[in-house]
Each structure stands twice: as structure tokens, then as C-alpha cells.
Amino acid sequence: MTQTLELVATTRIERTAARRKIDLRPAVFLAPFVVLVALFTYWPLIQLVYLSLFKLNRSGPDRFIGADNFLGVLDNAQFHDAAYNSLIYIFLSIPFKVFLPIPLAVFIWTMGAKLGNFYKAALFLPTLLSFVVVSIVWIWMLNPVMGLFQSVIGPLGLQMPSLLSDVASAIYVIIGVGAWKLIGFNILLYLAGLSAISRDYVEAMRLDGAGDWVVLRRLIVPLLSPTILFVAISTVVFTIQQVFTPIDVMTQGGPLNSTTNLFYLVYQYMFESFNVGYSAAGALLIFLLLGLIIAAKMIWFEKLVHYS
Amino acid sequence: MAPSMLKLSRPLMLVGHIILLVTALSIIAPLILVLGTSFKPANEIYGGLPWPRKFTLQNYYDVFEKLPFGRYLWNSLATTTLRVGGQLLIALFAAYAFARYNFPGRGLLFALVLGAMMIPPQLTFLPIYLLINKLGWFDTWAGLIVPNLAMPLAVFLLRQHLLAFPKELYDAAAMDGANELRILWSVVLPNIKPVMAALTVVLFVDCWNEYFWPLVITETDHAMTVQIGIRRFLDAERGDDLGPLMAAVTLISLPALAVFFACQRQIIQTFVSVGIKG
Amino acid sequence: MATIHFSQVCKTFGEVTAVDRLDLTIADGEFTVFVGPSGCGKTTSLRMLAGLDEVTSGRIFIDERDVTHEQPKARDMAMVFQNYALYPHMTVAENIGFALKLRRLGRAEVAEQVSRAAEMLDIAHLLQRRPKELSGGQRQRVAVCRAIVRNPKVFLFDEPLSNLDPQLRTSARGEIRALQRRLGVTSVYVTHDQIEAMTMADRIVIMRDGKVQQIGTPVEIFERPANTFVAGFIGNPPMNILPLAALGKAAGLSPQLAGVDQSETMIGIRPEHVSFVSVSSAATIARVVQIEMIGTECLVHAEIGAERIIARVVRPLAPRIDETVGLAWPDDEIHLFDASSGRRMGQNLRLSA
């Protein structure tokens, strides 16, 4: 027996048939975030390009000046110093921030939970301190007159050199301070990657007669390579901006521009020479530089990374 | 962390302990000295001992005496609280929309969220600075807070957690007569408390420690935060007034450290997944 | 107290039609079961009735009121979910009372109604526990309790028993049905289990690929399946459905089958109606290939040429494997279906209907 159908209230069906609601709820929930991201992330990107190509004019329309800002920036000796230093910051940070944490993380990984947690917490401490605080502490420690190191080596008849006012050493101090602050955080990233490695692999390799070195080389490093790539890329992207604070607090780019970098220069263009166009062009050049380094790195890593 | 996943040979282990111990000491020792110095009376500051012979709080009084540190603390505390509160609410709303609804353009919009994560602030600070000036928010709390309210990383993290949330519970709550806000507040939020708590701490530390943005957007005591305040103090004294400086350093580091030690494990995990920028 | 009416209700997800022109009226107090294989559209139909999924076209009425675009909360229905959907952070009492709290009932009144409903389901002693401290059966009771406490117009059940073990499922079936009879609330129940459908329903709606196959009482559906799909879906083991031509001369012997085009017709015979007779007197000869013991009865699989037929007989009557047997069935227990459309044909062929 098939159901005999009766349409109740046929007229009402027709009357309401056209009504159809669009679900506005997702739009309402997303609106604040989308508006803010559009206004404070994507719009500035477009604006930045504009600022780099036009000369702002208070009393009339802005004037298109093409690549003048870029050419001006590129022609600037300060810019050359800053670009050179930026590369030093990035590439000298890599051994400390990308490679050194790997063995440290592996050591912690193989330890018992108790000791491992102590080391983890101790190494993580600087992540919680602000870069201003870290910089101040290091200024004090390195102070050649009344610093901590001087008070240790002074009694031995030695004199602490003034590392921060020496063109040859200041940039390395800042790189060291940056590494000191961030090494613990990168160790944690590696520990997260290590915790995903199954003990079965290790045991299987052990049964095949592999020693420490072989296990590290052939198993741990390959399985960790996605994390290594991630840490390497974040180091490239963020180092220039991370060292802004130690540069500003410890040296202001000096002595003799030996510690300035592109981001610091862009900041100075804007807030010291009030040259908006140079600042915008400089920011875009940073973007270009980072893009190039990352692209090169990706290609180089392609062979090494093992995605499981 | 599972112990003994990989047993290293004894000599290698010894090397590991030595390296880790040295690294850990290089971190802990200076911090203990900072703390000790902050409690030293003026005549002991340049002595060799790490800890004060005579314990004093004078340096802490001096901090508030020599600079409007109370005002800085208030600015930092208020703007951090408002900003973190706003970040959490806005991110939770957005993550909820992404996780719960299927709407046209969702994929594209989420790609834009991921994209925003990759854009370093060093690229966008200049136009934002000009915009804030145009809005008349220079040297105000609003200038500190508003440009940072949308936190793509937080949206990403919360969405991950909400995707694991059983969809039937949304339906059950809707059948029980709850509207969307009520579902979010009474059903979703209680079940993601741990990640919200950890995210709160991470965002708090991130904001509290921020240097660059307050540096460019504040100018006077009206909006200046502790990080900029201590920087000014350093400039003014250039290390001649070590006691109060170290007291100030201790004071502004305390909130983050306190929260961290209160709920260490969970926060470490969230730190890792959020990836703080330093 | 409510009647429900679906009028030409469709639901499409992109290119896929999940529900195709559903027309159905459910009477006040009736217990209607939607049954069908997974993906047949039964759950989607239920969710559209609940207001959890928007209809693509068509109307839904409750008590003559068009609720097609109403929010779930405006429809006054309660639902029991497949995974129970208990709020993990709330106690059992809070779970049950949540809807009442949202209606701004006073604390005392909520507590009183919750405990009354809990008594009814025998879970009063669990009220302070959290869902994760409960067994599967207890969770299921809490979920039912959460539905009845609101005294809704309609109960909706979305495979509420599929996560229970078989014994519990049998007893829960009876309890849900008894409870619904006592409360007299119109109910719509979705399941993929034909036994649940047959034992619980006042009326069954069988669906497949979004289309209703048949609507009727369990007896109607069992005795007069509208097509080969229904015939094969209901009954355990399912009805034997063979091309009429395969039965050879047996087909010609049956007076009802005179004049039917053998090549265009399928014949359906329920296993319990097949019996074994001596080869010499039988019109249909088969060879036994497999015997399954299921208690006092056994299932005998036999081959007629390339076709297979299953007979359900008491054990002493079972033949042996490889034995050649004659098959017989009462003439009034056969069903005929059109071979190409699968539809039931010759409505008056069955004498006992």
C-alpha cells in the first residue's frame, strides 16, 4: 500500500514557497576578525607598495615616482652595510638557533623525565623574558668596568674588552644574545618533533646492530627533518626582526653601522629621517630578500626533508 | 616525553649532561644574579657576592620614585588585558565559524588566515603606523590594542581544537533550544578550557614583552608600557643606577614567570604550537 | 501532540540528491520508523524535520504550521542522537536540565522535573555523575531522559541503539516503545536495522537513494513488499528473488501464473515458505550446497541451475549436502515483481492478503 497523499493548506505552501533564508551566522562570527585582518594585514601590504612608488604630498595629489625610492635605497651606503649585516645575522644565527638545539633536544629526549624536565624548564626561561630585559642583563654582564664578567676575571688580573663598542665584535654579541634567548624555544620545537618518533623504529634499528651514531644519522635526523626545515625557515623570517630589540637597546645600530640591519634601517628611515618612501621601499626589499633565501633553502632542503 | 626511547652510550650521555648543564647554568646564573642585585643595598652592588649580605627593598621603592613606573605598569596591565581579551574573543568567534559552518568562500577565507600568519609585522608596521595616526590613536591605548586584535595563529589553533569537537553536541544544544552565543558559551567553551587557558598565557606573555610596536606608537607616560619605560630608564642612567634597574627588570619579568611556573606543562605545549615570536 | 507533514521535501548536497520529493503525513501519537541502508536519506530527512539541516525545496508542517524555515528551538522537538551527544562537562542532572534552564525555569522546578524524568528511566542514582563515568546503556538512558524531560511535541531518534550490545538493544527497544506509548508523543525513529523497524514501528518508511520505496505497517510491508528492494531488505534471511524462468516447468504449473510473461518476471519466495518434497513429485529440482544451523531451524542453500535459493526449515526436515531435492511452496505465498522495474505486479495474485 502506498501512502495516499494529501496536501494540507495548499495555499499556504504557495505563499511561503519563495521564502528562503541565507545563513548569516558565519558572517557575523567572522566579521570582527575579517575586518581587522583586512585593515591591519592585507590593506597595509597594498598600501606599502603604493608608498614605495609615490611621493606623498600634503597639498595636492601624490606624485608617481616609479622606482626612485628603490634606486635611492639601493644606492645608499648605509643600506649596503645593513644588507650585509642582515645576511650575517641570518646565516650566523642558523648554527646556534637551528643546529645546536638538535643535539641538546636529543640529549633531553633520551633522559629520564625528571632531569629532562629540569633542563627543559631552565632552557625555556629566556623565552619568557622580554628582549629588553635580556638585553639589559647582557649589557650589565658585559660591562667592562663593573660587569659580571669583569668581576670574575678582574681578580685574575685580566681586563674585560668592551665588546659592544668594538666594530669587530658587537654584531656577534647581538647574535649570541638572540641565540641565548631563543635556543630553549627551538629545543622545545625539536622535542615535539622527537616525541612523534616511534620507539619501534629505534628498536628495529638497534636489532640490526646500529650504534648511537647510526641511529642519529639514519633515523632521528631524517625523521626530524620537517621540524628542522620549519625551524630554519622561521629563523630566516624572524631573525632580522627579532634582533631589532637588542640592536636598539644595546647599540642603536652602531658602532659605525656595524650592527644595524635592514629592519633597523627601515625603522630609522621612518622615525629618524622621516622618509616614508625609503622606509616602504626598504621593507619591500627585505621581503624580497627573505623570499629569495627561503626559496633557495627550500630547493636545497627538498632532497633532505623526509615527510613521513 | 617517554624516557629511554633511545639509550645512548654512557660516555655520550656524560657529554650530553655536561653540555646541558653548562647551557642551563649560563641561563640561570645571570638571572639569579639579577634577582640578588635587586635586593642589594647601594654599597654592595659592585661587590663580588651574588647574594646581598643585607637584604633591602630600597631599590624597588626607588624604581617607583625615579620614574612613573606605576603608570607604566598600569598601561601595560590594562592594554595587555584588553588586548588579550579581545584577541581571544575575536579568534574564538572566527575559529567557531570556520569549524562549525560550511559556507561559500570558507576555503578562500581560511587561506587568507594562513596567509596572514606568514606576513611578518616588519612589512606592515609602516602603513599601520600611518593609519593609526590618521585615526588619532597615536600615543593611546587604542593605538596599542586595536591593530593587534586579530591573531591568525590563535584562530588556527582554536580551529584545530574545534574541529575535533563532536558535531552532535552543537545539534544537541540547538535542539535543547540554545542560540549560537549560548552554544559557544555553555557548550563549546567549557570543553576547550585547557587550550583557552594556555593560549591566554601565551598571548599575555607575547603582549607584555612586546617592544617594537609600543616603541613606535607611544610617546608619553599617557600610554607608555613597562618595556619602553625601562628602556628610557636605561638611557637616563646608562647603568649607573644598577640596583633600581635590576629591581625594574625583576618586576617586569615577574608576571610572565609566575604564570609560567603555575601551569608549566600545558603552556610549553601551547607555546610550541603557537610559536611565539620573541 | 502533533501531526507532521512532509510535502515534496528535497535535499541536495551539491550534485548529490540526498532526499528526493519526500511526501509523508504522520498522525498524532504515531511511531514512525525510517529505515534503509546507509546513505538512503533517512537521517537527512530526520535532520530536516528537526531543523538542523535546511531543506532544499518543499515544505514541512507541524500541526498545519509551516516550520520549514524555523530554527530548531521554535519547533519544540527533542532528539536522541546516535552517539547520545551528552555534554561532557555537565553532570547527568545538568545534561537533562539544560533545556529547561534555557527556558528560564526556576532552579527548584528544574530539579523537580529532572528527578521525575530520571525516575521514569531508572537513572535517579546517576544524576551527579558525568557522562564519561557511565556505561553505554546508561548514557543511552540519559539521552532519552533528556528528550522526555522537556515534554516536547515530537520525539526524534537517530539510530539511538546502534552503539549498544545486542542484548541491551533488544530490551531498550521495548522500553523506548513502552515509554512512547505511555507519553503518547508523536515519534520519528531512524534506523538501518530492519528488526528494529519491524518490532517498534506503527508505520515504516523504507528509503533507498533518497527515494521512498514503501510506506506501510510492518505487516503490510512484510506481506506485500512494493518492490524487490523492500522484499530483499525486510525479513531475515531475505526473500529469495529469482527469475521466474529459472523455475522451469514449475512456473507453468501454478494456475495464478498463467499468462505471465516468464522472461519479464521475478518471483519472490520467503525462505520459511520453501519446503522439501520428494524429487518425483516436485516441479522444481535443486541440489543442496550449504547448510547453516541457526538453532532449532537451519538455512538450507540449494542451487536451481545457476540460481540459489534459501530454505528455512526445522532441523529434522533438513536434507544433506549434495542431496538432490524437490522444492515446493504454497501457491499463495509467492510474490511477483516486474523484472525491469522491480515493482510488485499482479496485486490480486496473492489470495491471503
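Visitor: Hi! What should I know before we start?
Guide: It is a predicted model, where local features need pLDDT of at least 70, side-chain atom pairs count only at pLDDT 80 or more, and totals for chains, interfaces and linings use all residues. Residues are numbered from 1 along each chain as its sequence is written, with chains lettered from A and ligands numbered from 1 in the order in which they are written.

Visitor: Thanks! Is C:G136 buried or exposed?
Guide: C:G136 counts as exposed because it has 12 C-beta neighbours inside 10 Å. The cut-offs, with C-beta atoms placed from the backbone, are 20 or more others within 10 Å for buried, 12 or fewer for exposed, and partly exposed in between.

Visitor: And which residues does C:G136 touch?
Guide: Leaving out residues up to four places away in sequence, C:G136 touches C:N163 and C:L164. Contact here requires C-beta atoms, placed from the backbone, within 7 Å.

Visitor: Nice. How far apart are the domain centres in chain C?
Guide: The centres of domain 1 and domain 2 of chain C are 38 Å apart, taken over C-alpha atoms. Their contact takes eleven residues from domain 1 of chain C and eight residues from domain 2 of chain C.

Visitor: Where do those domains run?
Guide: Domain 1 of chain C covers 4-226 and domain 2 covers 229-349, with bounds from an automatic or database domain assignment.

Visitor: New topic: how many residues do chains B and A put into their contact?
Guide: Chain B gives 70 residues and chain A gives 76 residues.

Notes:
Contact = placed C-beta atoms within 7 Å.
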